Amino acid sequence: MTSPEENKNTVSKETEVNENVTDTTADNTDNDAKESPAEQATDDLEAIKKELEAQKALLQESEEHYKRLQADFMNFRRRNEKEREDLSSVILQGLIKDLLPIIDNFERALAVEEAKGSPLHDGISMVYNQLITSLQKNGLEEIKAVGEKFDPNFHQAVMRVEDPEKEDNTVEEVLQKGYMVQGRVIRPSMVKVVAN
């Protein structure tokens, strides 16, 4: 059994503990009472606004990145298409340049006076015209030279002749025809040029 004095001490200790618990509970209640539901809603709203601003910034950054990628892709496509066109143009020019000696031989065959009117001459003429028409559809153009001013970009002077009736640097005669494909010279005209 416990003595009355020990009971008193135990009761007094329990009372102190209860008072401490009551004080702590009161402090917590005061803190909760200090932050009202309106203030808590305002804090939540502020947090939501900050999160919304962060999401907007992220979205804007993503949109800018997308636009840059799209522009880069369009530039790549244009560049690739241009390179393809340039390559096909170079291939076409090379092919037509390889056919020019054949065209020259057709023209020599057609220039033979004794053969004119014969079935062989007519057949050669038809094949020549068909070949020239096909090449012209692909951009072949003959460089005009006779009577024109000499232009080193289009003409190659191999002879000089005197002709007082004509101006200096005028093309007198074409020795070999020159051709362009799609505006680019693939063979300059070999010409006689007037030099007084």
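The legends below describe close-up views of a sheet and of salt bridges in a predicted model. Local features are given where pLDDT is at least 70, side-chain atom pairs count only at pLDDT 80 or more, and totals for chains, interfaces and linings use all residues. Residues are numbered from 1 along each chain as its sequence is written, and side-chain values use heavy atoms, with hydrogens and water left out.

**View 1. Three strands form an open sheet with mixed pairing, in the order β2-β6-β3.** β2 and β3 are at the edges with a single partner strand each, so one side of each has no neighbour in the sheet. From one strand to the next, the twist averages 30 degrees; axes are lines fitted to C-alpha atoms, and angles run from 0 to 180 degrees between N-to-C directions. Strands (E, at least two residues) and helices (H or I, at least four) are DSSP runs numbered from the N terminus, and two strands pair if DSSP finds at least two bridges between them.

**View 2. Strand β6 (residues 189-194) pairs with β2 and with β3.** Five of the six residues of β6 are buried, so the strand is largely enclosed by the rest of the structure. Buried means under 20% relative accessible area, exposed over 50%, and partly exposed in between (1.4 Å probe, protein chains only). Ala-157 is opposite Val-191, and Val-161 is opposite Val-194. β3 (residues 171-176) runs antiparallel to β6, joined by four bridges, and Val-171 has Val-193 as its bridge partner.

**View 3. Arg-187 and Asp-104 form a salt bridge, at 2.8 Å from N to O.** A salt bridge is a side-chain nitrogen of Lys or Arg within 4 Å of a carboxyl oxygen of Asp or Glu. The pair links distant parts of the chain, 83 residues apart: Arg-187 is in strand β5 (residues 184-187) and Asp-104 in helix α2 (residues 37-111). Both Arg-187 and Asp-104 are buried.

**View 4. Glu-167 and Lys-149 form a salt bridge, with their closest N and O atoms 2.8 Å apart.** Glu-167 lies in the loop between β2 and β3, and Lys-149 in the loop between β1 (140-142) and β2, so the pair ties together parts 18 residues apart in sequence. Glu-167 is exposed at 53% relative accessible area, while Lys-149 is partly exposed at 46%.

**View 5. Glu-172 and Lys-166 meet in a salt bridge, at 3.2 Å from N to O.** Glu-172 is partly exposed at 25% relative accessibility, and Lys-166 is partly exposed at 34%.
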